[in-house]
Amino acid sequence: MQASGTDCILIIDFGSQLTQLIARRIREGGVYCEVHPFHKITVAFLQTFEAKGAVLSGGPGSVMGTMSPRVSERLFTLGIPILGICYGYQVLVTQLGGAVAHSTHREFGRTVVKVVDSCALFSDIWIPGSREQVWMSHGDRVVAPLPQGFRTVAVTDGAPFAAIADDDRRFYGVQFHPEVVHTPHGAALLHNFVRRLCRCRGDWSMAAFRTQAVEQVRAQVAGQRVLCAVSGGIDSAVTAVLVQEAIGDGLLCVFVDHGMMRLGESEQVISLFRERFNIRLIHRNAADLFMRKLKGIYDPERKRQMIGATFIDVFEEEAQREAKTDFLAQGTLYPDVIESVSFHGGPSVTIKSHHNVGGLPERMKLQLVEPLRTLFKDEVRQLGRILGLPDNMVRRHPFPGPGLAIRLIGQSVTRDKLDLLRRADAIYLEEVYDAGLYEAIWQAFAVLLPVRTVGVMGDARSYDHALALRAVTSTDGMTADFYPFDHAFLSRVANRIINEVKGINRVTYDITSKPPGTIEWE
């Protein structure tokens, strides 16, 4: 996966939910990095992975556990800078001969550190004697004695060795998390590490990635044809346009229309591929088939599974009509790659199944072409702009693969209910656009509730559906908070929906954060 000719930072993952944020912060500074689980960091791996430096992530474990994660000792002999964060800091200390103990003064959330000495990591950012806000999340702490060569550079009430430094070896450990926004100077500290200490050039960009990705696709495919399943989302669209740039007419896209897209969305997909980019596209309208398959299914997991399986069947049927190919292009992103590998090798909890074409390769024996598998979502949007995708496609809010099926809450999927939801959702998004709020919101959508309520329409009693509106702010979708619309906006949206969509007589607004809720209702 490592990009040839590019300075690269290795991030060793010990299972922290914040590991992806480390990668995002480093890449924001123009430096390429990759995340790999700790148990994959073997001597053989380190001999071939040309890292300019390494970051050890946080994690949920305790270094005092008998089976606690460790890293290959070979890492410490490579002569490259190393930064340990939280659990990764404690691993660094433990494996270099220092000590860690349980703390009676645990620190969670915003904390103030006192800088007691200078070091290269703090250079031009923090000075001795200053007090700086950081974000902590630890129950264990480093204690004396420190490993040979280290000295204390920052302290807190609960962590007498909140940060330590060995400038000679360029090894550093911080108990706090510099990757989160709650550590105001955290991004600058990471910048110091990768640019000043690791001497990375900071020349990684989407323009450079585009050139390299096109070359890699050409080399992999070697003139053969490539199939690409497109959904109308940004990931598959960018994948298709990038692959077309690499191989031209050798790309064939298949759009399986399950009939659960938003208002006018199927037509937009067809126009984008056929007219704007002149990409060969097969449009299979399979709405009737999906409706039959989903009849009587209420459970969201079963909906997702049925839609995914039917999608594969239809895609395979269309693919077999075409000349043989050995390649399938997918819009797999880096979070998909990272999250698909449990850091400890064990099972993980399924919150909900993802509608994806991930089952296709095993079924169809195709080699994967995944040009976006080292990118995060915001980077895909940047690439989309460079490739010339229209702004409304690049800025589009995330939309689930199963479409509106999972926004019919606790009820079977029917054309009538889809139509109700589709029209209400379109009005809502139109108002969000008109109010100039679309860019400020991560995701906005409507859900049709499985209840009917009494209302008064004119002089008559109504007994119609209730609708919920949802809008959240987020940076990466991992956590989210509801968007604070003013009441005038909500009143205007509700009034339009009730007056323009016959069959809905009540509108509510969801103010649940994530966690404890999820962004989608199902």
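I began with strand β10 (residues 226-230) and strand β13 (residues 327-329), which run parallel and are joined by three bridges. I looked up L227 and found its bridge partner in β13, L328. I note the rule here: two strands pair if DSSP finds at least two bridges between them. The names also come from DSSP: helices are H or I runs of at least four residues, strands are E runs of at least two, and both are numbered from the N terminus.

I must remember that this is a predicted model, where local features need pLDDT of at least 70, side-chain atom pairs count only at pLDDT 80 or more, and totals for chains, interfaces and linings use all residues. Residues are numbered from 1 along each chain as its sequence is written, and side-chain values use heavy atoms, with hydrogens and water left out.

**The sheet**

Next I traced the open sheet of five strands, in the order β12-β11-β10-β13-β14, with parallel pairing. Which strands stand at the edges? I found β12 (281-285) and β14 (367-369) there; each has a single partner strand, so one side of each lacks a neighbour in the sheet. From one strand to the next, the twist averages 25 degrees.

Then I checked helix α5 (residues 206-221), which packs on the sheet and touches β10, β13 and β14. Contact means heavy atoms within 4.5 Å. The direction of α5 makes about 160 degrees with that of β14. Angles run from 0 to 180 degrees between N-to-C directions, and axes are lines fitted to C-alpha atoms, for helices over the stretch in contact.

**Two helices**

I turned to helix α6 (residues 234-247) and helix α12 (residues 377-387). Their axes come within 10 Å and cross at roughly 45 degrees. That makes α6 oblique to α12; angles under 35 degrees count as roughly parallel, over 145 as roughly antiparallel, 65 to 115 as roughly perpendicular, and the rest as oblique. Which residues meet? From α6 I listed I234, D235, V238, V241, L242 and E245; from α12, K377, V380, R381, L383, G384 and L387.

**Strand β2**

Last, I looked at strand β2 (residues 32-37). Is β2 mostly covered or mostly open? It is mostly covered, with six of its six residues buried. Buried means under 20% relative accessible area, exposed over 50%, and partly exposed in between (1.4 Å probe, protein chains only). Y32, E34 and H36 point one way, while C33, V35 and P37 point the other. Strand β1 (residues 8-13) pairs with β2 in the parallel sense over six bridges. I9 has C33 as its bridge partner in β2.
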